[in-house]
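This report walks through one protein model, from its overall make-up to individual side-chain pairs. Please look over the sequence and the structure before reading on.

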Amino acid sequence: MSTFKGSRRAVLLGTLAALALGATACGSSGSSDPLGGGSSASAGATASGSGAASGGSGGAGGSGGTVVVGSANFPENVLLGSIYSQALKAKGVKVQEKFNIGSREVLYGQLQSGNLTVLPEYNGALLAYLDAKNTAVTTPDVNAALTKALPASLAILDSSPAEDKDSLSVTQETADKYSLKSIADLAAKAGEFTIGGPPEFKTRREQQFKDVYGLTFKEWKPTADTTANALKDGNIQVGNVFTTDPKIVQYKLVPLSDPKNVFGAQNVTPLINKAGVDANATAALNAVSAKLDTAGLTALMKRVSVDKEDPSAVAKDWLKSNGLG
């Protein structure tokens with residue numbers, strides 16, 4: 001998965017920013033439009049000309065215009081974009097999809113200009129992008145800070161309980177054997193456990209775990225992208241696995257809760273251009289947020305990333321099962 005959010009998305013925010021802002025996003029058409037590289041499909045009506053894709057005039061969902069739903073270029077964000085798009089269509093909103101666009105720098109600028117109307121965002125990472133010095137970590141505090149940081153033309157809607165963020169995870173067997181439900185529960189066993197994660201994870205988090213939770217692990221291993229596999233194989237007992245990684249479902253891993261918020265909030269949250277979203281569209285997007293949780297999103301991502309199902313079909317199934325499609 002792309003590093004759009006938090007620490008694992010730092011590479012995307014740097015390298016793609018240089019590519020996308022220094023030049024343009026490349027598409028098969030060779031267009032200089034940074035949206036040209038994304039897959040685009042109209043639904044409910046033809047969205048062209050003076051619609052939302054034409055610039056600052058934006059397509060207002062309440063005035064017969066077209067709401068343009070965008071996404072970053074990694075599978076989870078495309079899936080979320082498809083969920084938003086189909087939820088809007090189910091409420092009679094005319095929608096155009098522009099998925100797989102690129103980095104936050106490109107997406108945010110396109111939303112400001114009105115070329116996009118709705119984006120699936122991650123509140124903590126968006127706040128870090130807008131205000132790198134802000135120290136908010138809880139969902140209410142992050143969203144309050146975001147509301148202040150965003151320009152008047154943009155807004156966030158209701159955050160979902162679903163979060164794609166760092167976790168300390170263990171196998172189901174380990175969780176059951178030692179009655180582990182939260183990171184705090186590791187205190188009695190950490191000295192016997194090996195922890196794995198990205199190469200930089202020890203440097204970034206070792207002291208924090210000591211200070212906040214009183215954890216001193218037996219050993220730190222740089223397991224990088226193999227962390228979930230290392231947990232499954234017993235090479236480590238605790239791993240830094242992201243909460244919507246489909247391997248959590250595939251390998252029956254247990255992300256431990258983080259009551260002291262070492263890992264800040266990363267709730268899936270609609271970011272909108274206010275001129276293009278009316279009360280009907282707002283209600284549709286908020287209804288999605290009310291139903292979407294981390295376990296559900298992780299299960300959907302298994303279908304997309306492991307089972308290789310089409311994201312739009314997975315989104316349709318989820319919306320139908322939750323009474324939203």
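## Basis of the model

This is a predicted model, in which local features need pLDDT of at least 70 and side-chain atom pairs count only at pLDDT 80 or more, whereas totals for chains, interfaces and linings use all residues. Residues are numbered from 1 along each chain as its sequence is written, and side-chain values use heavy atoms, with hydrogens and water left out.

## Overall make-up

The secondary structure comes to 12 helices and 11 strands, where helices (H or I, at least four residues) and strands (E, at least two) are DSSP runs numbered from the N terminus. Of the 325 residues in the protein, 50% are buried; here buried means under 20% relative accessible area, exposed means over 50%, and partly exposed lies in between, with a 1.4 Å probe and protein chains only.

The protein exposes about 13600 Å², and carbon and sulfur atoms supply 50% of that area, as computed by the Shrake-Rupley method with a 1.4 Å probe, counting for residues only the protein chains shown as cover. Among contacts (heavy atoms within 4.5 Å) between residues at least 6 apart in sequence, 75% join residues at least 24 apart.

## The five-stranded sheet

An open sheet is formed by 5 strands in the order β8-β7-β9-β6-β10, with mixed pairing; two strands pair if DSSP finds at least two bridges between them. The edges are held by β8 (219-222) and β10 (253-255), each of which has a single partner strand, so one side of each is left without a neighbour in the sheet. From one strand to the next, the twist averages 30°, with axes being lines fitted to C-alpha atoms (for helices over the stretch in contact) and angles running from 0 to 180 degrees between N-to-C directions.

Within this sheet, β7 (residues 194-197) and β9 (residues 238-240) pair in the parallel sense over 2 bridges, and Ile-195 stands opposite Val-238 in β9. Helix α7 (residues 201-213) lies across β6, β7, β8 and β9 and runs at about 155° to β8.

## A strand covered on both faces

Strand β3 is mostly covered, with 5 of its 5 residues buried. Strand β2 (residues 67-70) pairs with β3 in the parallel sense over 4 bridges, and the bridge partner of Val-69 in β3 is Glu-97.

## Salt bridges

The count comes to 10 salt bridges, a salt bridge being a side-chain nitrogen of Lys or Arg within 4 Å of a carboxyl oxygen of Asp or Glu. One of them joins the side chains of Arg-104 and Glu-121 at 2.8 Å, N to O. Arg-104 lies in helix α3 (residues 104-113) and Glu-121 in strand β4 (residues 118-122), so the pair ties together parts that are 17 residues apart in sequence. Arg-104 is buried, with a relative accessible area of 0%, and Glu-121 is buried as well, at 3%.

Glu-163 and Lys-165 meet in another salt bridge at 3.4 Å, N to O, and both residues are buried. The side chains of Glu-200 and Arg-204 meet at 3.8 Å, N to O; Glu-200 is partly exposed, with a relative accessible area of 32%, and Arg-204 is likewise partly exposed, at 48%. Elsewhere, salt bridges that share partners join Arg-303, Glu-309 and Asp-317 into one network.

## Two single residues

Thr-171 is found in strand β6 (residues 168-171) and counts as buried at 15% relative accessibility. A polar contact of 2.9 Å joins the side chains of Thr-171 and Thr-174, the term meaning a pair of N or O atoms within 3.5 Å, where within protein one must be able to donate a hydrogen and the other to accept it, and residues adjacent in sequence count only if both atoms are side-chain atoms. Leaving aside residues up to four places away in sequence, Thr-171 touches Leu-231, Lys-232, Lys-252, Leu-253 and Val-254.

Gly-92 is placed in the loop between α2 (75-90) and β3 (95-99), and is exposed, with a relative accessible area of 63%. Gly-92 and Ala-281 are 189 residues apart in sequence, while their C-alpha atoms are 8.9 Å apart in space.
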